[in-house]
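Let's take a walk through this model together, starting with its overall layout and then stopping at two spots along the way. Please have the sequence and the 3D view open as you read.

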Amino acid sequence: MSEVFVRVALDHPLATLFDYRFDTPVPVAPGMLVSVPFGKRHVVGLVCEVTAHSDVPADRLRSVEGVCTACPPVSSEWLKLAAFAADYYQRGLGEVALPALPQALRDASRWSRLFAPEERYSLTPAGRVALPDALPARASALRKLAQALAETEFLLAADARALHPKAIATLDAWRAEGWVALDVIEAAAALATAASADVPAPALPTLTDEQAAAVEAIRDADGFAPFLLHGVTGSGKTEVYLRALAEILAAKPDAQALVLVPEINLTPQFEAAFRARFAALEGTSIVTLHSGLAEGERARNWFAAHTGRARIVLGTRLAVLASLPQLAIIVVDEEHDPAYKQQEGLRYSARDLAIYRAKQLGLPVVLGSATPSLESWWQADQGRYKRLTLSRRAVAEAVLPTVKLIDLEEERRRGRASVEGLSGPLIAALKARLERGEQSLVFLNRRGYAPQLACDACGWVAGCPRCSAYVVLHKPERALRCHHCGWEARIPRSCPECGNVDIAPMGRGTQRVEETLASAVPGARILRIDADSTRRKGSAQALFSDVHAGEVDILVGTQMIAKGHDFQRVSLVGVLNADTALFSHDFRASERLFAQLMQVSGRAGRAGLPGEVLVQTRYPRHALYHALGRHDYVGFANSTLAERRDAHLPPFVYQALLRAEGRTLEAALAFLQQAAAELTGIAAAERVTVYDAVPLTIVKVMHVHRAQLLIESASRAALQATLRAWQPLLRGLKGVLRWNLEVDPLDI
Ligand code: ADP
Ligand code: ZN
Ligand code: ZN
């Protein structure tokens, strides 16, 4: 019999496959998971090729130790997707492919129990009464088992066995008495709350002409068809996704759809809309995939997608790498959202990978937004994406809110009263809403009480001992906190430098605004939503439901309140502190600010109440605010793209960023300078511009000094070729703690 070898991808930075002998008596195919020896360890790898010979000398070849038979192999298309992502983002194939699989699959010791049916024991009402009395006095093992049953909803067979080796026999005896019930749950089926025919079909709204045209275009698409669905806030983009999906899924009984959202916990309404709509379509199960799921649930949901049982996968950026053998359409909602970019490990853009995936498989992909990224807008300008426009709000009586700028300089000049940064007109407008029983939002992008705590007498400002950053005052928590490293300390009573007791908070965060609002708008029920008030799992959802239930008059918060919510009774949005982003060194800051302000403005007046947006600013003549006032995304996008073209910035050039972290700034900079010098030997780098290595704005975090080197090119191919040749040279350089390479960075 001839020998069989497999070439396996491992989660290892080397962009190579590892050869193993395959002498296990089961069939092997690419896409299967195997366990292999690697050095002194045993690791899980993904079979990429099966071959009849290996170039590795026979005495150095080791054998595959185990095969995961519980999981059908991933498709060759999926392997290609992972290979593309690895190549594009300059990582090893295994570094991309293995982390994209559920944790349970990457642990060979768990394979035998994987996706097996779950046996759940639970106490019956009769058992709850009878069992305690029936136990012999000294049977402590039995008591433990009975107690475990009483304390939980159900006890898994495996957990029972861990309590006592003979637990199952005991449980079966108790079952015979009628004290215990046993349910066997098909693990993969349990989650797929399969739709049933009993659910009445929901009443569908009549589509607007623009919605109908969009649905038709998506449904009739042939082959790879990227769409940019540009719809103003409240124009009913979700309805377009729902209808397009319904048509595509109905046309092909096994077709699957992938729907990406920036943050699933912030958009429960979105999930609810999908569940409600597809509950009536028989056999259409929806699963979610995001990092908030428990590990077991995530594995089961992944498996349901992988085996085709889930027809709709609703997920965050990580879901773009889900295995979907019958994928037929991809939707990327709020495609401009920076959350689609992973900021650590494999620094990929889920939106860009979604486009690649659609192209690879010849599918429609819908990018939806009220404020598309300039990258996508430019693609549409060039005719590479087809633009679909929803120019009006879907609900007939809902119109876009009026935007007014409050000139803070003029307020001051005229000596008009303000309270702690809240201008007179804004306070008056908030009071008017309170009287009418309408809701208001107050938006500012800074959490905490105050960004600085300072001493007037000597100029001391509270700073982080580990970072080159000021610490933020958190009043309810009575703490100073570093937002970069998590360092925390009590608020000092006096200045540690000069002893002055009059140290004072400077600037404003959401906590301080919440406090000011309580005194400026008496009687209002105020709720704050930001990363601090929603730290506990599920608390954001609970807070948002208070807003929807009308139990809140004024909601103050960060960009968390701007995203996607369909608030029905909000008629006023106040914007504070937006000016800082106008003059950022990051060329994308104004694009982000405009998108945020459009989004938060879009929360007002959705259900027919006339909406108003009040923006406090020192620069009322700034072009960005003018475009905002006219709801003129197109004008803003076109003028900003013209500026980018003149300044040779993305999307007109392609960029990559090399970041280094060293014990000293000098070490980090020296590494980057050596790295830049290595580029001179690379032919493709002739078409690449290399900038000077510079420290990051917050140069030190956790005692580590950080610097970066930007390189860019008008040719994506030249940049990619350069990076490919550069990587191995970078690996040879020393002197820093860590470095990483980011392709298409969002934050510069
Ligand atoms: P977007 O995502 O574009 O901001 P949504 O999808 O949240 O907008 O829709 C806004 C509101 O309009 C929702 O309450 C939705 O139910 C409603 N809606 C959508 N399409 C229609 C329609 N054709 N007729 C009536 N109401 C609609
Ligand atoms: Zn002082
Ligand atoms: Zn710090």
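The domain assignment divides the protein into domain 1 (5-110), domain 2 (118-185), domain 3 (212-390), domain 4 (402-450 + 507-642) and domain 5 (654-743); such bounds come from an automatic or database domain assignment. This is a predicted model, where local features need pLDDT of at least 70 and side-chain atom pairs count only at pLDDT 80 or more, while totals for chains, interfaces and linings use all residues. Residues are numbered from 1 along each chain as its sequence is written, chains are lettered from A and ligands numbered from 1 in the order in which they are written, and side-chain values use heavy atoms, with hydrogens and water left out.

Let's look at domains 3 and 4 together. Their C-alpha centres lie 29 Å apart, and 22 residues of domain 3 are in contact (heavy atoms within 4.5 Å) with 24 residues of domain 4.

The second largest pocket lies between these two domains, because both give residues to its lining. A pocket here is an open set of points on a 1 Å grid over the protein atoms alone, where a 1.4 Å probe fits, with protein on both sides within 12 Å along at least five of seven lines; lining residues have an atom within 4 Å of a point. The space in the second largest pocket comes to about 910 Å³, a volume filled by probe spheres set on the points, which are joined across faces, edges and corners. Of its 36 lining residues, Gly236, Thr238, Glu239, Asp566 and Arg606 are the closest to the centre. Helix H10 (268-278) gives the largest share of the lining, 5 residues. The lining divides into 14 nonpolar, 13 polar and 9 charged residues.

Now for the second stop. UniProt, in an unreviewed entry, places a "binding site" at Cys464, Cys467, Cys482 and Cys485; such annotations may be inferred rather than shown by experiment.

Cys464 sits in the loop between strand S20 (452-455) and strand S21 (472-474); strands are DSSP runs (E, at least two residues) and helices are H or I runs of at least four, numbered from the N terminus. Is Cys464 buried or exposed? At 7% relative accessibility, Cys464 is buried, meaning under 20% relative accessible area, with over 50% being exposed and partly exposed in between (1.4 Å probe, protein chains only). Beyond four places in sequence, Cys464 touches Ala469, Val471, Cys482, Cys485 and Trp487. Cys485, in the loop between strand S22 (479-481) and strand S23 (488-490), is buried too, at 18%.

Technical notes. Ala, Val, Leu, Ile, Met, Phe, Trp, Tyr, Cys and Pro count as nonpolar, Asp, Glu, Lys and Arg as charged, and the others, Gly among them, as polar.
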